[in-house]
Every structure is written in C-alpha cells, then in structure tokens.
Amino acid sequence: MTDPHAPLRDDVRLLGRLLGDTLRQQHGEALFQLVEDVRTLSKAAHAGDDSSFARLRALFDGLAAEDAVTVARAFSHFLTLANIAEQHHRVRRRRQYRLDPEASPQRASFEETFSRLRDSGLSPERLHAAVCDQQVELVLTAHPTEVARRTLLQKHNRIACLLAERDRPDLTADERRDAERTLLREILACWTTDEIRRERPTPVDEARGGLVAIENTLWDVVPAHLRELSTALERHTGQPLPLDAAPIRFGSWMGGDRDGNPNVTPDVTRETILLGRWMAADLFHREVDALRAELSMREASPALRERVGDAREPYRALLRDVRDRLRRTRDALADRLAGRPTAPDNLLLDTADLREPLLLCHDSLCATGAGPVADGRLADILRRLAVFGLTLVRLDLRQEAPRHAEALDAITRHLGLGSYLAWSEDERQRWLATELANPRPLIPDDLDPSDDVRDVLDTFRVAAEAGPDALGAYVISMAATPSDVLAVDLLQKACHVRHRLRVVPLFETEADLRTAPDTLRTLFDLPVYRDRIAGRQEVMIGYSDSAKDAGRLAAAWALYVAQENIVTAARDHDVRLTLFHGRGGSVGRGGGPTWLAILSQPPGSVDGRLRVTEQGEMIQAKFGMPGIALRTLELYATAVLQATVQPPRDPEPAWRARMDRLARTAMDAYRGVVREDPRFVPYFRRATPEPELGALNIGSRPARRRNDGGVESLRAIPWIFAWTQTRLLLPSWLGTGEALAAELAADPDGLRDMYRDWPFFQSTLDLIEMVLAKADTRIAALYDDLLVPEDQRDIGAELRLRWQRTADAVREVSGIATLLQRNPVLRRSIDVRNPYVDPINLVQAAVLRRLRAEDDPEPDLLDALVITVNGIAAGMRNTG
C-alpha cells in the first residue's frame with residue numbers, strides 16, 4: 001500500500017537539503033557541520049539518550065554567541081520550512097480525495113456532510129434553507145502572537161507554490177531542475193532577510209496586514225468556496241446558492257480594539273475604515289475592468305437596452321461608468337488617506353449602487369442565452385459583493401466597560417446630577433432607561449472632558465460618521481452588569497450614531513459567566529432595550545481570560561454552562577441569539593480544531609449563527625494558502641450546518657454533577673498555584689521570557705493592562721506565550737490532573753463512560769492530551785537551572801511532577817498507553833519537530849540569562865531573543 005505521507009517526507013528532505021546548501025554557501029562547511037552535529041545530538045537525546053542532552057548543553061556552553069544564534073536561526077528556518085511542507089501536504093491530500101473516483105468523500109466536506117444529512121432524513125428543502133440562512137462571521141484580530149514579518153510570509157507562500165509546481169506529473173527534467181533552483185533562491189532570500197521587526201507595528205499597520213490577507217488569498221478563495229457550496233447544494237437539493245447569499249462574512253478588530261491599547265485612537269479607527277473602503281474600491285475596480293473586457297457581446301435584454309440605448313457593445317457601455325466611478329472612489333479615498341483635500345462627486349460608496357448594474361448585466365446575459373458567461377466572473381463579483389461589501393470587513397469597536405462609566409460620570413457631574421460612578425446599579429439602570437427614551441441632547445456643548453473621556457466620546461463620533469456598512473459590533477470588555485450595556489446604547493444616542501451598532505457584552509471571568517444570563521434577562525425585561533434590539537442579541541464569551549482566571553478545564557465547563565443559560569434566557573424572551581466566541585490559537589485560549597470545537601458546543605447554541613475570532617498567527621495558518629483557506633471555510637460551513645440541524649443531545653444529569661465536581665477541584669488546584677502561592681509570580685517571571693516580551697516589536701498592544709499586579713494584570717496572550725516558549729504549556733493543563741485523579745478514585749467507570757459518550761468532555765480532554773504531548777519537562781527544567789534562583793526551583797519541580805500526574809490521569813481516563821496513541825500523524829509530527837526545537841530553547845535560555853545579567857545589554861542580544869521566539873513558535877505551531 002502506498003504511504004500517503006511519503007510526498008511530505010520527500011518535500012521536507014528537499015527543503016532541508018536546500019537549507020543546508022544555503023548554510024554552506026553563506027557560512028562555510030564548518031558551520032554547516034556544527035548544525036549537523038547539534039541535530040544528531042538532539043535526535044539522540046529525544047530517543048532517550050540523556051548523555052546526548054548533556055553533551056548538547058555542554059556544546060552550547062562553549063559556543064560563541066554569534067555561532068549559537070546562527071545555529072538557532074538554522075533550526076528555526078528548518079521548522080518554518082517543515083510547516084510550509086505540512087500545509088502544502090494538507091492541500092495535496094484534499095486534492096487526492098477529489099481525484100480518486102473510488103475514494104469516499106473527505107470527512108466534513110460538503111459532499112460528505114450533505115449526503116450524511118440527507119441519508120439521516122433531512123429534506124432537501126430544509127437543507128437548502130439551513131445553508132442559505134447560515135451566518136458565519138470570522139473576525140480577524142491583531143494580537144502580539146504573529147511573530148513573522150509579512151515580507152517573510154510572502155516568501156513562504158512562494159515556496160508553497162513551488163512545492164505545488166513540483167507535484168505536476170508532466171514536468172520535464174529541466175522544469176523540475178528549474179523549480180528546485182527557484183526554491184533554493186527563495187530559501188536563500190529568506191535566510192538573508194532580517195526576520196526581526198525593527199519597529200513596533202502600529203494599529204494601522206496591523207489593519208493593513210489584515211486587509212492584505214483578504215487581498216492575497218480570501219478575495220479569490222471566497223467566490224471559489226461559494227461556487228463549491230452552490231454546486232454541492234444544487235446536487236443534493238436541486239437548488240443552487242442564491243447570488244446574494246453570504247453564509248460567510250469577515251469582520252475585524254484591527255484598528256477598532258481599544259481595550260487597554262492607547263495606540264488605538266479615534267483617528268486610527270477613522271483611517272482604518274478609509275483603508276478598507278480604499279482597498280475594496282481598488283479590488284472591485286480591477287474586477288469590473290476585467291469583466292468589461294470579457295463582455296464584448298452585442299445581444300442584450302430590453303432592460304439593458306433601455307439603459308444604454310443603441311450602444312454597439314451594451315455591457316461595456318454600462319460597465320464603463322461603473323468602472324470610472326470605482327476609479328474616482330478609489331482615488332478620492334487615497335486623497336483622504338494622504339490628507340489631501342478632496343470633494344469629488346458621484347462616488348460609489350453604497351453596495352446597492354454597485355449591485356444594481358451588475359445584476360442588470362447578469363439578468364441580460366441569462367435572458368439572451370449567455371447564462372454560462374453570467375455564471376463566470378460576473379457571478380464571482382456578485383458573490384464577493386455579498387460577502388465583502390464596499391468595506392471588505394466590518395470593523396468592530398471594543399472598549400472596557402469602566403471607560404464608558406467614566407464618560408457618563410463626567411456628563412452627570414457637569415449637569416449637576418451627581419456622580420454616575422457613585423450610583424447603585426438600580427439607580428444607573430433607571431437613569432439610563434429614562435435618558436434612552438428622552439429626545440433631548442445629553443452632552444452639553446460646554447463639557448470640557450478629560451483626555452480619556454474625550455477619547456471615548458470621539459470614538460462614538462467616528463462611528464456616527466462611518467456609515468451603515470463600515471462598522472459591525474460595539475464589544476464591551478469586562479462587562480458585568482446591565483448598565484454596562486445600556487451605557488453604550490446611551491452614548492451612541494448621545495453622539496448621534498444613526499445606524500446603531502450592535503452592543504455586545506463580553507463576559508470573560510468565571511464569575512461574570514455565571515451571572516451573564518441574569519444580566520441578559522434584566523435587559524430583555526426593559527421595554528426601551530427590547531425596542532432597540534428588534535428581537536436580536538449578540539453575546540461574546542471570552543475563552544482567554546476565563547482560562548487565565550479559572551484554568552482550562554474549569555473554564556471550559558463554565559463556558560458550556562453559561563452558553564446553555566444564555567440560550568435559555570434568549571429563548572424565554574423570544575430573542576434570536578448569536579454567540580461570539582473569543583477564541584485564541586492555543587488550547588489555553590480556547591483554540592483547537594474548528595470542526596470539533598463547533599460540534600462540541602451546547603445544543604441550540606449555534607442555530608445557524610456563529611461569530612468567532614481568528615487571532616494572530618492563526619490568520620496565516622488558516623488563510624495564508626488558498627487550498628488551506630478553502631478547507632477552513634468548508635469546515636466552518638459544514639460544522640455550523642450540522643450543529644444547527646443535528647445538535648448534540650443534552651448531557652446526562654450524572655455527567656453534569658461530575659463536571660461540576662471536576663471543575664471545582666480543577667479551579668481550586670489551579671488557583672492554589674497561580675493566585676494563592678505568593679512565590680509563584682516571582683518564579684513565573686524568572687522561569688519564562690515574560691518580562692522581556694514588552695521589549696519585542698511583535699504587536700501594537702501592551703502586554704499588560706497595567707504595570708503593577710500579578711498574573712491577573714497580565715493579558716491572557718503573553719501569559720500563554722511565555723509558557724509556550726519554555727515548553728511547559730502550564731495554563732492549558734494545570735488543575736486537570738488533580739480533578740481527574742479525584743474522580744478516578746471515586747468512580748473510574750463513570751468517568752470513562754462520560755469520556756466515551758459525551759463529545760464536549762471528550763474533545764476537551766483530547767485537546768488537553770495534545771498539549772501534554774507537546775510539552776517537554778526536560779526543556780522546562782533547563783530554564784529553571786539557568787534562570788531561577790535555587791530557593792525557587794522547588795516550584796518548578798512540583799509543576800513538572802503535576803504535569804506527569806496529569807498525563808497519567810488523562811491516559812487512564814481515555815484508555816491509552818501513550819499520549820496521542822489515537823493520533824499517530826500528530827504524534828509523529830511532534831516527535832519529528834522536537835529535536836529541532838530543543839537547540840533553539842537552549843539558545844533562548846542562555847540569551848535570557850545574559851540579558852538579565854547585564855544592566856545595558858547589547859541590541860544583538862534582543863535580536864537573538866526574537867530569533868529564538870520565532871523558532872520556538874514555528875516548532876510549537878503557535879505562540880499563544
């Protein structure tokens with residue numbers, strides 16, 4: 001039988017050989033041989049030879065700093081190349097499924113899902129309606145996790161394209177050699193490119209990067225995805241997907257998320273909105289120009305003839321004006337972005353104004369027997385318009401609840417009404433409800449607010465001028481009470497936001513998740529609020545901060561129960577609910593396989609609607625390559641469909657009781673270490689690179705909400721990031737071992753049955769198993785040896801012992817002898833990667849020791865740290 005993964009191994013060997021050739025050319029045979037010696041020792045160490053690990057440490061102890069960093073770079077580049085090969089192999093495997101007429105459809109593909117649902121008794125009408133009604137929105141966010149420069153990402157994409165080129169069976173020998181030489185040039189270009197950001201990106205830089213992801217990949221992938229969906233839907237229901245259907249959309253937080261980020265100002269938000277409009281005008285201008293070149297035919301419908309008269313080429317005549325309006329729009333927006341005065345007229349800013357002439361062309365082509373032409377580029381443009389509009393993404397605004405309260409306090413004090421901050425929750429609600437119904441202006445003209453209050457008010461004024469399609473939701477972080485939501489609605493009214501933004505409370509901590517349903521019930525009982533939401537409510541739940549607050553296992557259960565209760569509260573008040581999942585890329589922040597995550601949600605919580613964040617490096621991982629992006633969108637579509645029409649069954653009462661016990665024990669164990677041990681925070685800051693993260697030019701957002709305080713003041717992302725770098729991955733598993741051990745002692749069979757029969761618990765434990773398999777306690781111990789004072793090392797030793805107990809408990813519950821026994825592909829991937837990550841960790845730990853020993857460290861040391869951060873992130877496949 002042919003090994004399906006042999007082509008992947010061939011690709012990795014080829015890329016490794018070309019990287020070796022690059023090392024020889026750039027640094028000579030001695031350096032190349034040093035890298036090979038390190039690789040040999042590291043592989044032997046991972047095979048169980050402890051003496052090889054000791055020799056590896058000794059080798060690095062004797063290396064000059066420059067050589068050590070070059071070795072770390074070599075392994076970092078290899079891991080990145082291996083990632084590219086793995087991504088390409090996923091695309092290759094997907095194509096192989098489709099090429100083989102005897103093969104079963106790929107799991108969770110449109111074909112497999114639609115066939116299975118139809119076989120289960122779902123009618124064609126119900127299937128078609130469910131797909132057309134689906135609303136999935138992926139919200140791109142910038143967080144300090146994307147460590148790779150965009151310049152390098154573009155080179156990585158070219159390497160992937162060259163690997164695809166080499167897969168062609170009709171390549172001649174010369175063409176194959178040319179492809180290999182081009183690969184060598186790209187790898188050499190990567191090696192000789194500075195991988196370090198020399199300046200911290202601004203929020204506008206981050207927003208521009210998000211838009212580039214759309215331009216480079218999603219602009220072409222989305223119409224291809226919708227064509228595939230429409231074809232499969234027509235095959236199984238007899239009806240295609242309507243051209244104006246948008247089952248997938250995109251939002252963004254880049255340039256709108258001001259929670260704890262003083263760099264996101266009202267002017268930044270205004271510029272971000274203009275950027276999106278400019279790029280949309282530019283992309284649609286190119287498409288309409290190409291469409292106009294295609295539509296040279298003379299036959300036209302009476303409706304089109306009525307518009308263009310006796311023009312010899314009626315489609316080109318109609319589209320000339322459309323193209324020219326798009327060009328004027330693009331140029332006017334460019335002038336505004338550059339700060340140049342401009343006042344052109346007849347711009348194209350309304351989606352309906354672009355859709356109308358395109359539909360006229362489509363209808364005319366169909367009426368005159370040219371339907372296949374209409375279903376080509378023209379249909380793709382119409383589908384893009386339905387998904388992207390003329391803004392590409394809808395920008396969310398986000399701010400902390402206390403900032404809105406401070407703004408209202410400034411207003412009430414100025415009006416002589418007293419201090420809003422001093423009022424009780426009931427007093428706040430009564431006043432807010434009264435003012436929402438009051439037509440008079442609220443903000444006095446002579447109000448002279450503080451800078452913080454002015455920033456809040458000016459943000460709402462930007463929203464007022466943005467137009468109906470530019471903005472999405474207004475997300476309130478740290479939301480805890482009904483007044484937090486009403487405050488944002490009142491500020492919208494006070495600042496004349498005509499097209500009301502959806503007000504979305506974000507419930508993050510374990511305590512706020514518990515009280516969220518009561519908060520919503522109180523809001524739904526207020527007539528003035530019900531009138532404003534028109535029967536629809538969106539609620540965001542935060543995976544990152546809930547896990548940082550309570551630990552991964554307890555947070556997972558708190559989120560599950562909160563969703564159930566939120567769904568019930570909305571259903572009881574006849575409100576259509578959309579849940580917005582604030583998930584990160586790592587398991588510690590709610591990450592994991594898309595399909596599994598969606599199908600593990602509580603029954604009724606999806607219901608055809610889903611919003612979810614795609615954060616940091618996950619944007620590149622999921623949407624950087626067209627083939628991967630197509631599969632990602634397919635997985636979202638099929639998982640949401642299945643969760644809607646065939647939701648999982650409710651958990652058994654005994655399972656609920658057991659999960660309550662597990663969550664309590666896990667949370668107590670987690671908090672006992674992270675919150676209650678006064679020695680933990682000093683240990684954490686010595687044993688990980690967390691103190692140095694703020695000096696790295698990774699993201700625009702500060703790593704901390706405030707500079708004082710313990711773990712609670714640290715953002716969830718660097719909290720995970722730091723532990724990922726040291727390979728202990730503590731936040732993703734701490735507390736789980738104690739909880740499982742207690743239940744195994746009380747009722748082992750019941751716990752195993754729950755794992756076998758309940759998708760939520762099984763997926764939760766499987767993800768924790770994956771993290772445990774990725775962890776490496778020997779590397780974590782190395783950081784302790786080099787960085788941690790002797791009187792704190794017992795903390796690390798105890799944590800590593802907890803890792804072992806947790807791994808043992810997970811294996812016992814799931815019935816496996818070794819971690820990832822049921823996932824040999826991932827097990828092999830980790831085993832292959834780890835020997836290449838270890839040397840980078842050795843260099844990083846040594847660099848951190850030098851950085852902390854020197855009062856004024858050399859800039860090269862910080863460069864070395866960034867190189868190791870990149871490499872470990874590549875090896876672990878995510879940073880945080």
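Visitor: What angle and axis separation describe the packing of helix α10 and helix α17?
Guide: Helix α10 (residues 266-294) packs on helix α17 (residues 451-466) at about 20 degrees, with axes 8 Å apart. The model is predicted, with local features needing pLDDT of at least 70 and side-chain atom pairs pLDDT 80 or more, while totals for chains, interfaces and linings use all residues. Residues are numbered from 1 along each chain, and side-chain values use heavy atoms, without hydrogens or water.

Visitor: Why is α10 called roughly parallel to α17?
Guide: Angles under 35 degrees count as roughly parallel, over 145 as roughly antiparallel, 65 to 115 as roughly perpendicular and the rest as oblique. The angle is about 20 degrees, so α10 is roughly parallel to α17.

Visitor: Which residues of α10 make the contact with α17?
Guide: Pro 266, Thr 269, Arg 270, Ile 273 and Arg 277 of α10 do, contact meaning heavy atoms within 4.5 Å.

Visitor: How many residues of each class does this contact of α10 with α17 have?
Guide: Four are nonpolar, two polar and five charged. Ala, Val, Leu, Ile, Met, Phe, Trp, Tyr, Cys and Pro count as nonpolar, Asp, Glu, Lys and Arg as charged, and the others, Gly among them, as polar.

Visitor: What makes α9 oblique to α25?
Guide: Helix α9 (residues 203-237) and helix α25 (residues 626-645) pack at about 50 degrees, their axes 9 Å apart. That angle therefore makes α9 oblique to α25.

Visitor: How do the residues of the contact of α9 with α25 divide?
Guide: They comprise nine nonpolar, two polar and two charged residues. Among them are Leu 218 and His 225 of α9 and Glu 634 of α25.

Terms used. Axes are lines fitted to C-alpha atoms, for helices over the stretch in contact, and angles run from 0 to 180 degrees between N-to-C directions. Helices (H or I, at least four residues) and strands (E, at least two) are DSSP runs, numbered from the N terminus.
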